[in-house]
Each structure stands twice: as structure tokens, then as C-alpha cells.
Amino acid sequence: MEPRYCKPVIIITLLISVATTTTGLKACNFPAIFNFGDSNSDTGGLSAAFGQAPSPNGETYFHTPAGRFSDGRLVIDFIAEGLGLPHLNAFLDSVGSNFSHGANFATAGSTIRPQNTTISQSGYSPISLDVQSVQYSDFHRRSSLLSRQGGVFAELVPKEDYFTQALYTFDIGQNDITSGYKLNMTTDQVKAYIPDVLHQFSIAIKNVYSQGGRSFWIHNTAPLGCLPYILDRFLVTAAQIDKYGCATPFNQVAQFFNTKLKETVIQLRKGLPLAAITYVDVYSIKYILITQAQKLGFEKPLIACCGHGGKYNYNGHRKCGSKITVNGKEIVIANSCKNPSVRVNWDGVHYTEAANKWLFNQLVNGSFSDPPLPLRMACQRMDH
Ligand SMILES: *[C@@H]1O[C@H](CO)[C@@H](O)[C@H](O)[C@H]1NC(C)=O
Ligand SMILES: *[C@@H]1O[C@H](CO)[C@@H](O)[C@H](O)[C@H]1NC(C)=O
Ligand SMILES: *[C@@H]1O[C@H](CO)[C@@H](O)[C@H](O)[C@H]1NC(C)=O
Ligand SMILES: *[C@@H]1O[C@H](CO)[C@@H](O)[C@H](O)[C@H]1NC(C)=O
């Protein structure tokens, strides 16, 4: 063999071309993303409807509140960047939004099932997944109309064929689990309603499919038993705390949800022959980050960076950005920690930008996905 063939760059090129020919797969070139979810992927929906996420949210990247519950970007922002697309505007954001490459229907506090409580009673967003589906359908209908009419608004909505070519992302379910516990249900009672939650989830997927959506990217639910707001709010016995400090019953119910979600995805693949549905094990990625934080260059994974007091620097009555008035002056009493770039948890519920970036880097190549395709190939239907 000629020495020049040993140059690393040539070897890498050869490896890539071999990989492409053996799988026969090409990148998808998604022109748009439509996202559905809760605060894990809300880029401004709840803020537009119910008030802006307060400072110091947004400080690291946007240098101002930016509708996100984090110091900076969320995983969905890194997904958009990774596909060469702009950050998604919230569907509900009526000021300055440009939806030409997608829209975000997620709002913080969203559940899959509509709740029987108001947002002021329970904190759950009334914009549950069924409402997000209605908003998506109307967005699609009106975008098609505007595209045909042309003019200034046609440039701000997706082209008609983008609705078929787009990546549809979903990250929702965590709040459905907590809602039962907030109503004092037992774990068995919570588990008993999860099949209904997932039935309603599959209705949302079928709604998108019926309107031409083909590529679905579904995050499973996270180890909520490792989050300060759960550890602070719900009493667990010492025996129920694992060696990393996480509350085992909550993680077990999240895993139960995920098992059922995976079964739901398998059923959906059977029923939707043209859909490519990727199931992403975000649970495992987050659990690795939390339990191996030090090794990965992070600190204090169970302690909120932005909060106020208590064992976990989390207080449900004094959340990140809370202010009090002293002698007529407003003072922020729940501020950011010194260095969010080495922290996992931002505000007791959500992750820091640094953590979100790390999570994205794990999931982008498909090593936590079923089927194990990289993000940019998620339009490929793999037959099981
Ligand atoms: C909307 O965003 C796209 C992508 O960033 C950009 O190319 C386009 O110019 C924007 N449209 C308007 C009217 O600002
Ligand atoms: C809300 O109430 C209705 C009627 O009682 C019930 O069928 C439904 O399951 C409840 N939803 C939730 C999320 O508890
Ligand atoms: C749940 O239990 C707590 C403590 O017993 C009680 O204060 C609260 O009102 C209960 N909540 C509901 C929704 O029943
Ligand atoms: C995927 O990326 C992660 C993080 O960079 C890396 O540790 C892992 O080995 C990669 N897996 C594959 C299958 O390429």
C-alpha cells in the first residue's frame, strides 16, 4: 500500500463512505422542526401567555430572560443548531416571531392529559398536549393559506412541503407523573393512569401523521427522583434514597412510564407505515450526568444553582429569580450561583445550559436512540 493511503484524513473518509454504503442511508436535511412539550423544551410559550421567566433565567447565553427556564439554551436549541436551523419561536409569541423553519408548541408546566386544576392552583399549564395539537393543526392550516396568498406573511411561515419534511420533536410526560402525586395519589395509583396518558400521547402523534408529518423524535421522561423540587416537596424514607441521593420511587415510576412509552412507540410504528419514529433514552443520559457528574467535569448535581436555601438550594415559595421588597426596594433573593457552567441543575427543576449542551452531545449521534440513528438521519424508517 502506498504510504499516502495511511494519512488519517483519507482513512476517515473511507470509513465514512463505508458506513454510508453499508447502511445506504443519507442525511435528511430537515427544513423545519415542530416541537411539542413542557418546560424542558419551552422557548417562550408560557412566558408569552403567563409572564416572562424572570432574570437570571437566560443570563448565560441570551443575557436577558428569553422564555426559557435555564441560564441559557435548551436541548431543543442545540437540536435546532445541530440541524443548521434557527432557534424555534414559541407559537404563542406574537411579537417578532419568524416561523419559516418551524414552531414550538411547548409550554412550561404542560402535561399530556388536560388537568382538572387551574394554573394558579397547581402550576400546570392549561396548554396540555391536546391543546398543542389543536394549535399545530390551526398553525398548519393558516400557514398553507398564507403560503398560497403570498405577501409579507408568507415569508414568516413554513412552506407547505416543510410540514412533511420536518422533524417533529416531543418531550413531555414528567408533569403527568407529578400531577397525581400532588393530588396525594400513591405510586400504584399514578401507575394505573399512565396507560391513559400514553393513549392520549399517541393521539397527538397520529394527528401530526394525518397531516403529513413523517419524522418523529421522542424523548422519554427523565429521572425526576434526582430533581431538587421532587426531593424537597415529597417525603421519602432513607431506604428509598439511592446511593447517589435520588428518590428511588420517583425514578421507578419514570422508568415504568418509559417502558410503556416504548411499547406505545412500537404500536405507533405498526399503525403508521410511513413514519420514522425515534425513541430517545434521555432518562439514561440524564442519570449518567447526575450520577457521574464529578467525572464529567460538573459539580453538585442535586443542588440547584439558582434558588434559595434548604438542603437542595430549592424553595418552592422562593424560586429562581424571586424578589422581596425591603424598605420599598426590590431585591432578588434567589439568584444564580457563581459558575453555572459547571453545574447540572439550574433552578431545582431544569438543567443548566452546560448540562443541556452535554446532553445534546450524547444524544446527537444516536447512541441512546432506538433505532440508533443520528439526529440528522431521523427521517429514515428502520424496519424492526
Ligand atoms: C426568517 O428567518 C429565516 C431563517 O433564519 C430568514 O432567512 C428570513 O430572512 C427571516 N424572514 C424575515 C421576513 O425576517
Ligand atoms: C378530570 O376529571 C375527569 C372527570 O372526572 C376525569 O375523567 C379525568 O381523568 C380527570 N383528569 C385528570 C388528569 O385527573
Ligand atoms: C394532600 O395531603 C395534604 C396533607 O395531608 C393536604 O394538606 C392536601 O390538602 C392534600 N391535597 C389534596 C389535593 O387532597
Ligand atoms: C456518541 O457520542 C458520545 C459523546 O461524544 C460518545 O461518547 C459516544 O462514543 C458516541 N457513540 C457513537 C456510537 O458514536
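Trainee: At roughly what angle do the axes of helix α5 and α8 cross, and within what distance do they come?

Mentor: Two packed helices are described by the angle between their axes and the distance between the axes. Axes here are lines fitted to C-alpha atoms, for helices over the stretch in contact, and angles run from 0 to 180 degrees between N-to-C directions. Helices are DSSP runs (H or I, at least four residues) and strands likewise (E, at least two), numbered from the N terminus. For α5 (residues 129-149) and α8, the axes come within 10 Å and cross at roughly 5°. Angles under 35 degrees count as roughly parallel, over 145 as roughly antiparallel, 65 to 115 as roughly perpendicular and the rest as oblique, and α5 and α8 are therefore roughly parallel to each other.

A word on the model: it is predicted, local features need pLDDT of at least 70, side-chain atom pairs count only at pLDDT 80 or more, and totals for chains, interfaces and linings use all residues. Residues are numbered from 1 along each chain as its sequence is written, while chains are lettered from A and ligands numbered from 1 in the order in which they are written.

Trainee: Which residues of α5 and α8 meet?

Mentor: Contact needs C-beta atoms, placed from the backbone, within 7 Å. Leu129, Asp130, Ser133, Tyr136 and Ser137 of α5 meet Gln200, Phe201, Ala204, Asn207 and Val208 of α8.

Trainee: Where does Ser210 lie, and does Ser210 count as buried or exposed?

Mentor: A residue is buried if 20 or more other C-beta atoms lie within 10 Å of its own, exposed if 12 or fewer, and partly exposed in between, with C-beta atoms placed from the backbone. Ser210 belongs to helix α8 (residues 187-210) and counts as exposed because it has 10 C-beta neighbours inside 10 Å.

Trainee: How many residues of α3 are buried?

Mentor: Six of the eight, so α3 is mostly covered. The buried ones are Val75, Ile76, Asp77, Phe78, Ile79 and Ala80, and they pack against β1 (33-37), β3 (167-171) and α12.

Trainee: How do the axes of α3 and α12 cross?

Mentor: Helix α3 (residues 75-82) and helix α12 (residues 353-363) have axes that come within 8 Å and cross at roughly 50°; the two are therefore oblique to each other. In this contact, Val75, Phe78, Ile79 and Gly82 of α3 meet Asn356, Lys357, Leu359 and Phe360 of α12.

Trainee: What follows α3?

Mentor: Gly84 follows α3, with a positive phi near 75°.

Key:
Contact = placed C-beta atoms within 7 Å.
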